[in-house]
Amino acid sequence: MPVKAQSQFLQVLTRDEAERRFREHLTLAPLGAETVALHAALGRVLAEDVVATVDVPGFDRSNVDGFAVRAGDTWGAMEEEPRRLSPTAETLAPGIVPQAEVTAGTATPIATGGMLPRGADAVVMVEHTDMEGGRLVVRRAATAGENVSYAGTDIARGETVLRAGQPLSSREIGVLAALGLDQVPVHRRPRVAIFSTGNEIVAPGAPLPVGAVYDSNAAILAAAVEELGGEPVRLGVVPDNEARLSAALRQGLACDAVVFSGGTSKGEGDLSYRIVAALQDPGVVAHGVALKPGKPVCLAVTQGKPVVILPGFPTSAVFTFHEFMAPVIRAFAGRPPEQRQLVDATLPMRVNSERGRTEYLLVGLVPGERGLAAYPMGKGSGSVTTFSSADGFITIGQHTEILDAGAPVQVQLLGQGLQAADLILVGSHCVGLDWLAGQLVRQGLRIKSMSVGSTGGLMAAKRGECDLGGIHLMDPATGVYNTHLLTPALELVPGYGRMQGVVYRRGDARFEGRDAAAAMATARSEAGCAMVNRNAGSGTRILIDRLLEGAQPAGYGVQTKSHNAVAVAVAQGRADWGLAIDTVARQYGLGFIPVQEERYDFVLPRDRLARAPVQAFLALLRSDAARAALRELGFRVDPGG
Ligand SMILES: Nc1nc2c(c(=O)[nH]1)N[C@H]1C(S)=C(S)[C@@H](COP(=O)(O)OP(=O)(O)OC[C@H]3O[C@@H](n4cnc5c(N)ncnc54)[C@H](O)[C@@H]3O)O[C@H]1N2
Ligand code: MOO
């Protein structure tokens, strides 16, 4: 099939200009009000001020079980010198309207919540009284007003108790009920139509063909719309077909806003843009914004309704949604603009940025020697997980190309803000460490874990930014793992061994039943035998280069960054062999020829060793249960075993 020319963005706008053009055609105000039952009001936003029409409490109320008295009658009362009063005939349970007045020298029995009778101005607690011969003996003096809540002290009639724009949580709902309201005026929730486009996109729950991708965008967008006070209208996955897309857009325009993702930057399949470009009044206001991620976002308005095409890449979709669409939904829903929560931090490593685009870099925050350190968490625009694991993001201006290690940055926090952690893990990822961390979480520890590779973990430990890091770095000179990089401030705790070997598809006669030497001889010499390589600097790469003895077979240039990526390339036939650990070979059902054990150990800053969560980790690591579980996962917990 001939490849058609890519359609280019006509004009890439700055973020602010795109926002200005978008908002110029929108009214950022609530869409209207409706009345809902009190029990359905949770999470809604009040549309009107609530003015109390009753007093709360509605009468002068006793706060204790005891006797309503005239305080003056009790003055001077003491254990040795009690005062004696005559009880009146009535007993004031809550809900009883008193009939008898408390006159001088009398007292009326009253329960907590009872209505104070005329004449009384205080309540003596039952504990401070006795009955003797039909008379009440008061052993402690009361001051006027003691143990009484006067009418209207909590809420006074005429008082504005809640204001329009207030989101209703359980607390406000309690207040509304206390005022006797069973119906509440709230802002109408904006209905936001959401769909995903792309022939490769599959709804969660369905089987996933090779090359297909689960629709995560629609789910995250729908949930975000709800969080912002809107009502998502889910229109599902729409294939790349002009008629189907137009129909979905038409259906969506019955709502207050339309958001869909995918197909904003493609040349050939650039259908999303084409159908939105047909809108008028005014139609598309921006296509292409100098943002990273998010460049291909397309903003349109038609008859006051926003229509936004988000880039398909999940991180780009979420960023552009929050940048342009979230404030509009908040305003439509009657919510105040979001307050930005900023914290100061330092970059632990150098970061390169693209000139000409404002870049948002997701970071994880850990406390270090110089305040917070902001670790870039970016796995690229296509990542689905970065958003849920990051604490916030920094904004790199469009004219900045480099931020040096140690640069001060401001981090805008996401979601709940900064969560404290008991144990911080920074280093290389391993499913064995995952298991250990999971056990500690079950013990109630809060764990923050960042996968930055072995070298990153070692550096973090040196800077005192983590409690421990998993590392697996071989000394090329000796073949020994991890010990050569230690400093006096660091302790190395033995972890476990991971067997590395040649992975291949089962049944491949070039590898099946052979030993490592024979397999490598074939791999080095046979022309049609393609490999998948690892990134330079990784421990596995050092081993690969040793085994290849200078040969560079087909696929040598394909440098993946993880054991899993190697296994997938072999399993899917893009390569015939690679080097990975045996646990991964098992997961992907691949054949495995053992070559060498690598050590995955833990590096710990000594000055943090005494911390209780660190000790908990070390105790767990040494426990029989953990050793058994790690063995079960395929790791070697006994030296040489
Ligand atoms: N030659 C150029 N190529 C690209 C450019 C460019 O300027 N010139 N821009 C890049 C940028 S930046 C981005 S961001 C992406 C956005 O592309 P599209 O909006 O057209 O998105 P798709 O191609 O449809 O998908 C991209 C990617 O995301 C996956 N995807 C799509 N929808 C979903 C979903 N609902 N849930 C999960 N994942 C989804 C899709 O499978 C693709 O992997 O374009 C660059 N290219
Ligand atoms: O805008 Mo794209 O989102 O840079 O990846």
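Predicted model: local features only at pLDDT ≥ 70, side-chain atom pairs only at ≥ 80, totals over all residues.

A374 touches A345, T346, L347, V363, L365, I394, V409 and V411, leaving aside residues up to four places away in sequence, where contact means that the C-beta atoms, placed from the backbone, lie within 7 Å. Residues are numbered from 1 along each chain as its sequence is written, and chains are lettered from A and ligands numbered from 1 in the order in which they are written.

A374 is, together with V259, L299 and V363, among the residues with the most contacts inside the largest nonpolar core, which has 108 residues; such a core is a set of buried Ala, Val, Leu, Ile, Met, Phe, Trp, Tyr and Cys residues joined through C-beta atoms within 7 Å, and buried means 20 or more other C-beta atoms within 10 Å of a residue's own, against 12 or fewer for exposed. The helix α6 gives the most to this core, with 10 residues, helices being DSSP runs of H or I of at least four residues and strands runs of E of at least two, numbered from the N terminus. A second, separate core of 28 residues includes A519, M520, I544 and V570.

Turning to helix α1, residues 15-24, we find R15, A18 and F22 buried. Seen down the axis of α1, the buried residues fall within an arc of 70 degrees, so they line one face of the helix, the arc being taken over the directions from the helix axis to the C-beta atoms. D16 and E24, on the other side of α1, are exposed.

Key
Contact = placed C-beta atoms within 7 Å.
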